[in-house]
Amino acid sequence: MAEWLVEEGIGETRALLVENDRALAARMFWIGKECARTILVAKIVSRKAGSSRALCVSERGTEINADGLPRDASEGSQVRLIITREQIAEQGRLKRAQARYFGDDNPHIPPASVMDTGMITRRFPAGLWEEVWDAASTRTLDFPGGSIIVSTTPAMTLIDVDGEGTPRELSLAAIPSIARALQWFDLGGSIGIDFPTIPDKAGRKAVDAALGAALDDWAHERTAMNGFGFVQLVARLEGPSLLHRLSLSRTGACARMALRRAEMAQGTGRVLLISVHPALKAKLKEEWLVELTQRTGKEVRIETNPKLALEASHAQLVDQ
């Protein structure tokens with residue numbers, strides 16, 4: 001039976017849906033961010049007369065587009081909101097967080113996230129998070145005869161299918177990897193899949209049917225494949241996916257991964273030596289390093305190596 005496991009890391013909380021030592025889905029939440037389902041108080045800073053929408057600012061300074069506000073909530077007043085979508089960084093801009101009014105007398109309890117309901121574990125089964133993280137980092141998943149590449153754009157996430165075989169054979173072979181990427185990378189919003197062009201209608205229908213079966217347990221809507229091999233999916237989007245984190249906040253994601261590796265370093269030395277690319281050192285907040293010391297009981301030292309890739313940090317216990 002599949003079960004959500006949760007690692008409470010330094011700077012982030014991670015979740016994996018695991019069944020028979022396989023990762024089926026993943027989530028990543030960065031601590032300090034106002035994620036979906038968070039209930040908070042914010043100040044109205046701009047509201048047009050008669051509109052149910054307004055621009056609000058949280059106590060942390062996050063700008064929020066809020067909806068469903070009562071008529072008497074004027075500029076400068078405080079309102080209670082529930083976040084429906086976390087703010088999302090994009091190339092050259094930042095999409096504001098989205099929220100709706102959630103008054104003090106609201107009888108509804110927002111659904112809990114897997115971060116709240118999953119089983120807390122000190123460490124995921126060996127290799128599972130690394131497998132998911134590496135795939136999101138490279139944006140690539142291989143399958144027999146080909147691979148898919150997943151890319152982010154301001155408008156949508158795009159999945160490109162490439163490989164050998166007839167267009168129908170290649171498309172069918174890619175579907176398991178596409179289904180895995182959607183759940184591993186926690187994708188949502190508008191998603192486009194660029195299959196090879198399949199000239200016959202029967203071939204396109206066969207791929208549509210196989211894709212539908214593979215995505216049966218993933219909530220979404222989709223179009224049928226058009227004559228150019230394109231399929232569009234739409235799914236609920238609550239915040240940045242793993243893919244977005246690793247594409248647009250890469251140094252931050254790699255810094256958090258460096259801390260995870262450091263926390264799990266094996267050995268008996270009294271010093272925990274972390275080797276990172278110089279760009280990561282500035283991302284390793286002092287409070288994170290203090291927490292790492294508390295968790296491991298070791299003196300923490302950072303060394304930089306410009307020859308290391310951002311993703312290639314490593315840690316070891318030494319006696320020096």
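Student: Is Glu238 buried, partly exposed or exposed?
Tutor: Glu238 is partly exposed, with a relative accessible area of 24%, where buried means under 20% relative accessible area, exposed over 50% and partly exposed in between (1.4 Å probe, protein chains only). Please keep in mind that this is a predicted model, in which local features need pLDDT of at least 70 and side-chain atom pairs count only at pLDDT 80 or more, while totals for chains, interfaces and linings use all residues. Residues are numbered from 1 along each chain as its sequence is written, and side-chain values use heavy atoms, with hydrogens and water left out.

Student: Which residue does Glu238 form a salt bridge with?
Tutor: Its partner is Arg236, with 3.0 Å between the closest N and O atoms; a salt bridge here is a side-chain nitrogen of Lys or Arg within 4 Å of a carboxyl oxygen of Asp or Glu. Arg236 itself is exposed, at 63% relative accessible area.

Student: How many salt bridges does the structure hold?
Tutor: There are 15 salt bridges, and a network of them links Glu7, Glu12, Arg14, Glu130 and Arg260.

Student: Switching topic, what do the side chains of Glu86 and Arg245 form?
Tutor: They meet in a salt bridge at 3.1 Å, N to O. Glu86 lies in the loop between β7 (78–85) and β8 (88–90) and Arg245 in helix α5 (residues 242–248), so the pair ties together parts 159 residues apart in sequence; helices (H or I, at least four residues) and strands (E, at least two) are DSSP runs, numbered from the N terminus.

Student: And is Glu86 buried or exposed?
Tutor: Glu86 is buried at 5% relative accessible area, and Arg245 is buried too, at 6%.
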